[in-house]
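Here is a short report for a first look at this structure. Keep the model open while you read.

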Amino acid sequence: MKFYLRHAAILASAACALGSATAQTDEAKPARKTKAAAATPAPEKYSGPREKMVVAMPKTYGKTETMALWGDYFSHLSRCANVELQNAQGDSLERTSNVDILGEKELIEALSTGKAQIGQVNPGLAAQMVTAGQAAPFGVPGNKATGQRNSYKLILVTRIDSPYKEPKDLIGKKIAHTTPTSNSGNLAPRALFPALGLTPDKDYEVVFSNGHERSVTGVMHGFYPAAAVASDLYQRMVVKGDVKGSSIRTIWESPPFMTETWTMSKDVSPELQARVKKCSFSYNFSPTLKKQLPGNDTFLPINFDRDFATVMQVYRASQKK
């Protein structure tokens, strides 16, 4: 931190007076410096060799877009926590955009076996991993001032010009789900739609699109009469201009769910976990990330039992079925 010291211009006719004034000025400087340093302590720095962490990301976006969104966070984490973030081939993410983006099975396997040490997972995967004994997610995007954590809803969407106005109108039709392990894309519809008179595989045919964006695009182009998707991912498509909000109708929405979270492999040392968490919670989102996640400006810590209660309810219901 820079300290700006005021320099006094002392005019004196006598040499002794000049010496006295200079001595008084020199005595005053350390006092001001000490007081300012006490008020603003230096930031903590982690010393020692840089530890390596392999990053695993979901196939929500391509590699270039993933790095455009999260590259600034990776840079912050590298500097703050004194770590070198890499892909599985050992390439530093400070020098390449070749981040690993994995399918759901590969993502779970990488984080569960320690092939990757840190990654982003969707709520359905988080529930599956924690149930299997893996570490709970540590951080989720949120708003620092309000303490509000980012969330989303399961929404059932159709084309604006379709004849479908309510869920029961889709009986006998095809509805796009995303992937088998997706919370909003498959598990939640199976747990919540029956109460709407729309039981999957009974009242309608389930078609897996292999992604939320594919589901929305499929509805927009008429491939699917309707789709069950996450509201936040749908809104991101609107923000990016991939779909016009005016062309899609939402005919039902669920209570809120926790959104994508960040987790670490359980083989990461407690000391390194603490550093990563502290540095993550001190990160201020980049303008690009704020635009993509409106209302969110930082990471907030997670209380899994509280924040994932609805997700776990859906997951347990899906396991019983």
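## The disulfide

A disulfide is a pair of cysteine sulfur atoms within 2.5 Å. This is a predicted model. A search of the whole structure finds 1 disulfide. Cys-80 and Cys-279 form it, with their sulfur atoms 2.1 Å apart. The torsion about their S-S bond is about -80°, so the disulfide is left-handed. The two cysteines come from distant parts of the chain, 199 residues apart. Cys-80 sits in helix α2, and Cys-279 sits in helix α8.

How does each cysteine stand in terms of accessible area, buried or partly exposed? Cys-80 has a relative accessible area of 24%, so Cys-80 is partly exposed. Cys-279 is at 0%, so Cys-279 counts as buried. The cut-off for buried is under 20%.

## Helices α2 and α8

Two packed helices are described by the angle between their axes and the distance between the axes. Helix α2 covers residues 63-81, and helix α8 covers residues 270-281. Their axes come within 9 Å and cross at roughly 125°. That angle makes α2 oblique to α8. The crossing is right-handed.

Which residues make the contact? From α2 come Tyr-73, His-76, Leu-77, Cys-80 and Ala-81. From α8 come Arg-275, Val-276, Cys-279 and Ser-280.

## Helices α3 and α4

Another helix pair is α3, residues 104-113, and α4, residues 123-131. They pack at an angle of about 40°, with their axes 11 Å apart. α3 and α4 are therefore oblique to each other. Their crossing is right-handed.

On the α3 side, the contact uses Glu-104, Leu-107, Ile-108, Leu-111 and Ser-112. On the α4 side, it uses Leu-125, Gln-128 and Met-129. The classes here are 5 nonpolar, 2 polar and 1 charged residues.

## Thr-261 in strand β11

Now turn to a strand. Thr-261 lies in β11, which spans residues 261-264. Is Thr-261 buried or exposed? Its relative accessible area is 0%, so Thr-261 is buried.

What does Thr-261 touch, leaving aside residues up to four places away in sequence? Its contacts include Gly-119, Gln-120, Val-121 and Ala-126. Thr-261 also touches Pro-137, Gly-139 and Val-140. Ile-302 and Phe-308 complete the list for Thr-261.

Key
Residues are numbered from 1 along each chain as its sequence is written. This is a predicted model: local features need pLDDT of at least 70, side-chain atom pairs count only at pLDDT 80 or more; totals for chains, interfaces and linings use all residues. Side-chain values use heavy atoms; hydrogens and water are left out. Axes are lines fitted to C-alpha atoms, for helices over the stretch in contact, and angles run from 0 to 180 degrees between N-to-C directions. Helices (H or I, at least four residues) and strands (E, at least two) are DSSP runs, numbered from the N terminus. Angles under 35 degrees count as roughly parallel, over 145 as roughly antiparallel, 65 to 115 as roughly perpendicular and the rest as oblique. A crossing is left-handed if the near helix is turned anticlockwise from the far one by less than a right angle, and right-handed if clockwise. Contact means heavy atoms within 4.5 Å. Buried means under 20% relative accessible area, exposed over 50%, partly exposed in between (1.4 Å probe, protein chains only). Ala, Val, Leu, Ile, Met, Phe, Trp, Tyr, Cys and Pro count as nonpolar, Asp, Glu, Lys and Arg as charged, and the others, Gly among them, as polar.
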